[in-house]
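This report describes one protein model, taking its parts in turn. Please look at the sequence and the structure first.

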Amino acid sequence: MELQYTYWQEEDGWFLGYLNDYPAHWTQGKTLKELEGMLTDLYELEQEEQPKTIPERKTGTLTLSPA
């Protein structure tokens with residue numbers, strides 16, 4: 001199983017990120033490897049609390065009118 005995540009490095013050197021399937025739950029790590037461990041823990045915790053099957057992702061396009 002593979003999970004996608006989004007991350008960035010702050011000015012103080014810490015890495016922040018979240019699992020793309022759980023964007024409201026951020027975590028951090030001093031290194032990228034530590035962040036990945038924290039993300040793994042986060043996923044496991046989410047599965048214990050409320051297991052769910054992640055549905056197939058779909059994309060859409062928005063057309064915006066000029067303001």
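Tryptophan 8 has a relative accessibility of 25% and counts as partly exposed. On this scale, buried means under 20% relative accessible area, exposed means over 50%, and partly exposed lies in between, for a 1.4 Å probe and protein chains only. The model is predicted: local features need pLDDT of at least 70, side-chain atom pairs count only at pLDDT 80 or more, and totals for chains, interfaces and linings use all residues. Residues are numbered from 1 along each chain as its sequence is written, and side-chain values use heavy atoms, with hydrogens and water left out.

## Aromatic pairs

Rings of Phe, Tyr and Trp (its six-membered ring) pair if their centres lie within 6.5 Å; planes under 30 degrees apart count as stacked, over 60 as edge-to-face, and the rest as tilted. By this rule there are six aromatic pairs. One of them joins tyrosine 7 and phenylalanine 15, with 6.2 Å from centre to centre and 50 degrees between the planes, and is tilted. Tyrosine 7 is partly exposed at 41% relative accessible area, whereas phenylalanine 15 is buried at 13%. Ring pairs also link Tyr5, Tyr7 and Phe15 into a cluster.

Tryptophan 8 pairs edge-to-face with tryptophan 26, at 5.0 Å centre to centre and 80 degrees between the planes. Tryptophan 8 lies in strand β1 and tryptophan 26 in strand β3 (residues 26-29), so this pair ties together parts that are 18 residues apart in sequence. Strands here are DSSP runs of E with at least two residues, helices are runs of H or I with at least four, and both are numbered from the N terminus. Tryptophan 26 is exposed, with a relative accessible area of 53%.

## The nonpolar core

A nonpolar core is a set of buried Ala, Val, Leu, Ile, Met, Phe, Trp, Tyr and Cys residues joined through side-chain atoms within 4.5 Å. The largest one consists of seven residues: Phe15, Leu19, Tyr22, Leu35, Leu39, Leu42 and Tyr43. Two or more of these residues come from each of β2 (15-19) and α1 (32-49). The most, four residues, come from α1.

Contact means heavy atoms within 4.5 Å. Apart from neighbours within four places in sequence, tyrosine 43 is in contact with Met1, Leu3, Leu19 and Tyr22.

## Glutamine 4

Glutamine 4 sits in the segment before β1 (5-9). Its relative accessible area is 53%, so glutamine 4 is exposed. Not counting residues up to four places away in sequence, glutamine 4 touches Leu19 and Asn20.
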